[in-house]
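I opened this notebook to record what I looked up in one structure. The entries follow the order in which I checked things.

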Amino acid sequence: MKPLKILMVSSECVPFAKTGGLADVVGALPLALEKLGHQALVVLPLYSAIDREKFQLHEELSPFGVWMGNCQQWCAVYKSEVAGFATYFIEFEKYFGREGYYHDELLNDYVDNAERFGFLSLAALQLCKAIGFDPDIVHGHDWQGAVAVAAVRDWYHSDPVLGKAAGVLTIHNLAYQGLYDKSAVDYLGLGWQNFHSDRWESWGQLNLLKGGIVAAHWVNTVSPTYAVETKTPEFGCGLAPYLNNRGESYWGILNGVDYAQWTPETDKTLVATYGAKDLKGKALNKKALQARMNLESDPSIPLIGVVSRFAPQKGLDQLAEVIERIVTDMRVQFVVLGSGNKALEAFYGGISQRFPGKIGSSIGYDDSVSHLIEAGSDFFIMPSLFEPCGLNQLYSLKYGTLPIVRATGGLEDSVIQYDEVTGAGTGFKYYDANPTAIYYCVGWAVSTWYDRPKHYRKLQQAAMAQDYSWDRSARLYVEMYLKALGK
Ligand code: ADP
Ligand code: GLC
């Protein structure tokens with residue numbers, strides 16, 4: 001097969017900029033594609049928080065002019081090689097020289113987000129022309145990359161560099177659609193003739209994700225089950241008809257794991273490394289985690305971990321309703337790491353004082369603590385109301401930390417339900433999204449720990465043997481790229 005050239009437009013990418021799983025995916029997929037012989041180039045905003053020295057950014061093009069729909073903007077382009085694939089950064093102080101990526105400290109979206117990320121998209125396309133990179137695929141991630149996917153079709157179909165490219169859109173989360181004021185239409189060159197409910201418009205506003213869904217040659221989301229769910233009114237966030245309209249050109253591809261970062265045998269952030277054959281190191285991580293979170297130091301008490309954005313999707317308000325009952329009724333500990341919603345920050349931040357020794361929490365974002373929680377916990381809970389894929393349950397499996405999850409989206413696809421008769425499975429799933437269901441599912445997991453320890457160990461071995469490496473998923477992306485090119 002002829003190697004493919006892929007331009008990716010994203011708002012996040014590990015190791016440069018991360019708020020969630022999108023960054024893990026965009027940091028790993030290009031490497032997996034390169035291993036298969038393809039070439040990926042990633043374009044990101046140069047946020048002021050990105051450490052230019054650490055990531056060895058160097059100026060590539062300056063000044064760099066970007067044609068918008070109704071004007072030209074001047075910016076600069078930087079480049080880094082540290083990720084193992086070519087990463088370009090668009091430097092534009094007016095849009096990216098701020099503390100947050102998408103919102104201010106009070107979680108208010110920046111009102112010019114459509115302009116900011118539409119500009120990123122158009123700058124990425126123009127960069128291809130400037131450096132002579134003629135992509136086969138323009139791959140936009142979420143609403144932030146949607147304008148690139150649409151523009152390559154609308155504007156550049158006869159361009160000598162971009163003309164052959166097919167547009168592919170990956171939906172990491174349908175709940176975030178990029179709904180902003182329609183005043184950005186001229187600036188982004190979307191065309192008022194396209195500002196109607198079957199393209200860029202929703203309830204009088206600009207809907208960037210919808211425009212990308214309609215324009216792309218192929219669309220995917222990040223798990224097969226979420227692909228099915230999003231075609232229903234319950235999970236479709238108003239866009240189900242547009243996803244249904246796509247027919248076979250809307251797929252689900254489960255995310256992979258970058259095992260170079262997430263393997264207990266080699267994880268340098270841990271207190272001790274370990275593997276399925278020798279779990280002594282896991283016990284040391286549990287001890288360290290209990291100490292760090294001021295929990296009673298006792299290996300016999302099952303410890304349940306949480307690492308999450310505090311967003312409505314994650315169901316942590318439901319867990320909040322029962323966590324006190326759980327630690328009162330059961331001999332079990334919790335550790336919670338997360339940030340986001342202020343009410344949940346206050347709740348989880350305060351609860352460790354009310355249940356000292358039983359619940360430990362850390363409010364904030366901390367990569368090394370997240371690794372310690374994966375390694376040191378016995379169970380990992382994700383009570384999501386919906387979950388496009390979810391990465392932490394995949395990390396948990398590898399770390400021998402049994403997932404307790406609501407059976408939705410990628411959680412349904414990646415966790416195999418425990419069979420109490422045979423001891424088969426890799427975790428514990430419940431179906432109804434409510435606090436009572438969480439209570440009973442946690443109870444089931446905890447009773448397995450105490451009453452069926454052989455089953456716990458069997459589940460743990462099965463979990464650690466699961467393979468969600470990117471190789472398989474990347475092959476499916478290549479298959480999708482070829483289908484998109486065929487359209
Ligand atoms: P989402 O992208 O919806 O937040 P995922 O499960 O796909 O959910 O990915 C979340 C990623 O972000 C994981 O790598 C997880 O470890 C990380 N993460 C989330 N919250 C925190 C936090 N407070 N500190 C460190 N890492 C976090
Ligand atoms: C989104 C989803 C999450 C998914 C991640 C990466 O943030 O909420 O489920 O794993 O994107 O695709």
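I began with D278, which forms a salt bridge with K280 (a side-chain nitrogen of Lys or Arg within 4 Å of a carboxyl oxygen of Asp or Glu). The closest N and O atoms of this pair are 3.3 Å apart. D278 counts as partly exposed at 39% relative accessibility, while K280 is exposed at 60%. Here buried means under 20% relative accessible area, exposed over 50%, and partly exposed in between (1.4 Å probe, protein chains only).

I noted the conditions next. This is a predicted model, in which local features need pLDDT of at least 70 and side-chain atom pairs count only at pLDDT 80 or more, while totals for chains, interfaces and linings use all residues. Residues are numbered from 1 along each chain as its sequence is written, and side-chain values use heavy atoms, with hydrogens and water left out.

I then looked up the other salt bridges, and the structure holds 19 of them. One of them joins D112 and R98, with the closest N and O atoms 2.7 Å apart. D112 and R98 both lie in the loop between α2 (93-96) and α3 (113-131), so the pair ties together parts that are 14 residues apart in sequence. Both D112 and R98 are buried.

R199 pairs with D154 at 3.1 Å between the closest N and O atoms. R199 is buried at 12% relative accessible area, and D154 is partly exposed at 32%.

I also found a network of salt bridges linking K2, K5, D134, D136 and K164.

Last, I checked burial: 61% of the 487 residues in the chain are buried.

Note on methods: Chains lettered and ligands numbered in written order. Helix = DSSP H or I, 4+ residues; strand = E, 2+ residues; numbered from the N terminus.
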